[in-house]
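Open the structure in your viewer and keep the selection tool ready. The stops below go one by one.

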Amino acid sequence: MPRNLVLYGLAVLGGLVLYGVLRSVLGGEIVMLLSLVALVVVGVVIFRNLQTNRKIADATPEVRTAALTFTPEPGKAALYILRNQFVGRAVGINIEVDGKQITQLKSPRFMRLTLNPGPHRIVAYMGTPDKKKPGEALLEGNAQPGEVLILKTEIEPQMVGVTVKLTPVDLDKVRADFQKSRMVSNDVAEV
């Protein structure tokens with residue numbers, strides 16, 4: 001996060017310097033017109049990115065309380081995915097397991113899914129299922145009975161576009177983050 005703040009600060013500083021140089025070379029009226037055009041372009045990009053968001057209901061308090069015990073059902077495994085990143089927090093990350101659409105996570109939220117033992121393919125991406133944006137994250141693994149899998153998903157800004165990451169994390173390191181996050185309901189209860 002601090003690295004991103006430094007980059008954002010440098011971008012703002014560079015923009016202000018560029019604005020001053022253009023204003024002195026081209027004049028105030030033309031630079032104001034160019035600024036308005038740039039503002040409209042940025043607004044359209046943000047609006048289009050937010051169009052891929054779905055309405056996802058929060059889980060009930062009882063379901064959230066049960067999920068925060070981090071105990072899988074007998075003979076099953078439990079998958080938790082947490083998103084608590086500030087960057088891109090309004091843009092939803094879609095979660096698929098074994099080709100089934102599970103839910104969409106905005107920040108700060110998490111999801112819990114019951115997994116049958118065996119191999120599973122977890123995909124996180126932005127966009128819609130039929131029109132995924134480049135930069136999806138893929139994680140394949142074998143779920144064991146009684147296992148609790150904790151993943152963290154993040155958006156990583158690139159020079160052009162973003163990539164989505166899925167990272168396994170230790171429960172003790174993120175337990176407090178789960179307490180501060182809302183739980184979303186899933187389209188599918190078990191895979």
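How many bridges join strand S2 to S3? Select residues 93-97, which make up S2: five bridges link this strand to S3, and the two run antiparallel. Keep in mind that this is a predicted model. Now pick Ile-93; across from it, in S3, stands Leu-105.

Four strands form an open sheet in the order S3-S2-S5-S8, with antiparallel pairing. S3 (100-105) and S8 (137-143) are the edge strands; each has a single partner strand, so one side of each lacks a neighbour in the sheet. On average, neighbouring strands here are turned by 20° against each other, direction ignored.

Next, the charged pairs. The whole structure holds eight salt bridges. Select Asp-187 and Arg-54, whose side chains meet in one of them at 2.6 Å, N to O. Asp-187 sits in the segment after S11 (182-183) and Arg-54 in the loop between H2 (28-50) and H3 (61-67), so the pair ties together parts 133 residues apart in sequence. Asp-187 is partly exposed at 46% relative accessible area, and Arg-54 is partly exposed at 26%.

Move to Lys-76 and Glu-190. Their closest N and O atoms are 2.8 Å apart in a salt bridge. Lys-76 lies in the loop between H3 and S1 (77-83), Glu-190 in the segment after S11, so parts 114 residues apart in sequence are tied together.

Last, select helix H4, residues 171-180. Lys-180 and Asp-177 lie three residues apart there, about one turn of the helix. Their salt bridge has its closest N and O atoms 3.9 Å apart.

Technical notes. Residues numbered from 1 in each chain as written. Predicted model: local features only at pLDDT ≥ 70, side-chain atom pairs only at ≥ 80, totals over all residues. Heavy atoms only, no water. Pairing = 2+ DSSP bridges. Axes fitted to C-alpha atoms, helices over the stretch in contact; angles between N-to-C directions. Salt bridge = Lys/Arg side-chain N within 4 Å of Asp/Glu carboxyl O. Buried < 20%, exposed > 50% of the residue type's maximum accessible area, 1.4 Å probe, protein only.
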